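Morning, everyone. Please look at the screen, and I'll walk you through today's structure.

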Amino acid sequence: MGVDLDQLSFTIDDTIILRDVSASLPTGSVTGLLGPNGAGKSTLLRLIAGIDKADTGAVSLDGTSVGSLPRREAARRIALLEQNAAPSVELTVLDVVLLGRIPHRTKLMGSFGGDDDRAVAFSALEAVGAAPLADRYWQTLSGGQQQRVQIARAMAQQPSLLLLDEPTNHLDVSAQLALLGQVRELTVTAIMALHDLNLAAAYCDQLLLLDGGRLVASGTPEEVLTPEIIGEVYGVDCFIVQHPRGGHPVIVYSAATSKGNS
Amino acid sequence: MTRSRYLGWLLAATITLILGCGVAVTIGPAAVSLGQVMSSIGAHLGVATEPVPLLIDSIVWQLRLPRVLTAALVGAGLALSGAVMQSVTRNPLADPYLLGLSSGASVGAVCVVILGIGFFLPAAAFAGALLALVATLSIAKVGGTITPVRAVLAGLAIAQLAGALTSFIIFWAAKGDSYREILNWLLGSVAGATWQSVAIAATAVAVVGTGILLSATRLDAFAFGDTSAASLGINVNRTRWALLGSVALLTGAMVAVSGSIGFVGLILPHLVRGVSGPGHRRLLPLVAVCGALFLVIADTLARTVFDPRELPVGIITAFIGVPVFILLIKRKKSHLWA
């Protein structure tokens, strides 16, 4: 599903969180949302998901404005994975994935059939390689397993747009690579907020770089991740080299102390 | 758990509840047999039965049956309220008593009792519960979020304030018998239950309970918090306030007929989740039946253990509830309670 952001602005209590963000993301692409802490990444994801409403501007999916969709309709098209979400009750992995079926259930008590829902949930678990975990309790999983189950939950929602807020947070290197590889394999348009510029360069088709609520750069990883732009936004020195296999840019940071913290 | 096993549990609990109510009616200073109970009820429902002595009939129909039914309905209502509050506030410690709703409702109830306009009792109790709920949640809300611990602390403050207000009103205005009546409000009791109490409690449980049952899927969606619920297509604010408002209404009705009874709303959902699992379509019906059974047993103990003296049932629920609660805390993985 193609996503168009048209001059989005959002303020909370007179503080500008986002200002005039515009971008166009093609169907099936994986977009990385970059920027320092507080740049507005999470807020932008919430606006795209239709959970918060932009003060001005609009988000549209294949030409349909997200703001005009009822919440349930939006939830059938867009799934959002928050950072560090944890349940307040003891849930099994299957329970968690079945939550993704909620927008597809009938409005009142929900369908009692449930068999279709279970089939969808199991195929989502298989898609992320977590089917053997189905009966485990969520709290007993490792961070990487929890994130994979969250992705299965989002896939059970059968969205055409998947939004992920720092999905690699707190994961070890192998879990990070496995997770992002998983996202690439899914046949959905994906937008994910990431902190690690190298992961973004390796796994994203295009990048949006936010700083202080403004979109300061967008384009392919090669276009966005230049020493000048990174220096400007993050205040760090770096070199860009080419990955020996993938050919994508790899950022090599200069230690802050070598330049006297300049 | 498979659906048939769940339905087995629900059926078993329901049968136990019905039998338990019947047996509870037979228990008391005057000996009544289960057969006489059935005959008396049958006669009042227009079914031809063996005639029952007039005294036995009035003990069954005027005294014990309304009381047992009120206990059952109040238990169901409180357990449902607790289950909904725990889910909507994502707080395993939430219940109408702990978050101050019951105490707020008591203030409203005592006011109208003192003023002698008992007709408005349910409405006043509801208003008190709603006010206490809003106050608790606004105190607990700091920077847009409500943590479980802050909610409990705020509830504690509101409950203390409401308790003090109730005592103040009593000392100021009550005379003679109203002391006793008001102590029942504070500790919780169904001793004065009449058919009118049954009607109030039954209406509230039926109407609000149906609404809550129909919201089961929406309650499930809150498991991972507000953002997650919203991304699952739930209109978070509208749903939360509708559900909390319904709970205030239910609690108000429960307090109007029984005062503030603690621990039913807190512990029953935790106990029942162990059997039904966390999904609300299964949790809610079972928790209502088990809550009813629990309060029928507690009230029967309250009026028999120290016979002829009678305890407010709130004391019994606390005596049972606190140890169960401690066991639950020890058993649960600690991060759920952080």
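How many helices and strands does chain B have? It has 14 helices and two strands. These are DSSP runs, numbered from the N terminus: H or I over at least four residues for helices, E over at least two for strands.

Some ground rules. This is a predicted model: local features need pLDDT of at least 70, side-chain atom pairs count only at pLDDT 80 or more, and totals for chains, interfaces and linings use all residues. Residues are numbered from 1 along each chain as its sequence is written, and chains are lettered from A and ligands numbered from 1 in the order in which they are written.

Now the shape of chain B.

Next, burial. In chain B, 53% of the 338 residues are buried. Buried means 20 or more other C-beta atoms, placed from the backbone, within 10 Å of the residue's own.

On to contacts, meaning C-beta atoms, placed from the backbone, within 7 Å. Take chain B pairs at least 6 apart in sequence: 75% of those contacts join residues at least 24 apart. B:Ala109, leaving aside neighbours within four places in sequence, touches several residues, including B:Leu121, B:Trp185 and B:Val255.

Last, confidence. pLDDT is the predictor's confidence in each residue, from 0 to 100. Chain A has a mean of 89, with 94% of its residues at 70 or more. Over residues 258–262 of chain A, pLDDT is below 50. Where pLDDT is low, the predicted coordinates should not be read in detail.

Notes. Contact = placed C-beta atoms within 7 Å. Buried ≥ 20, exposed ≤ 12 C-beta atoms within 10 Å, placed from the backbone.
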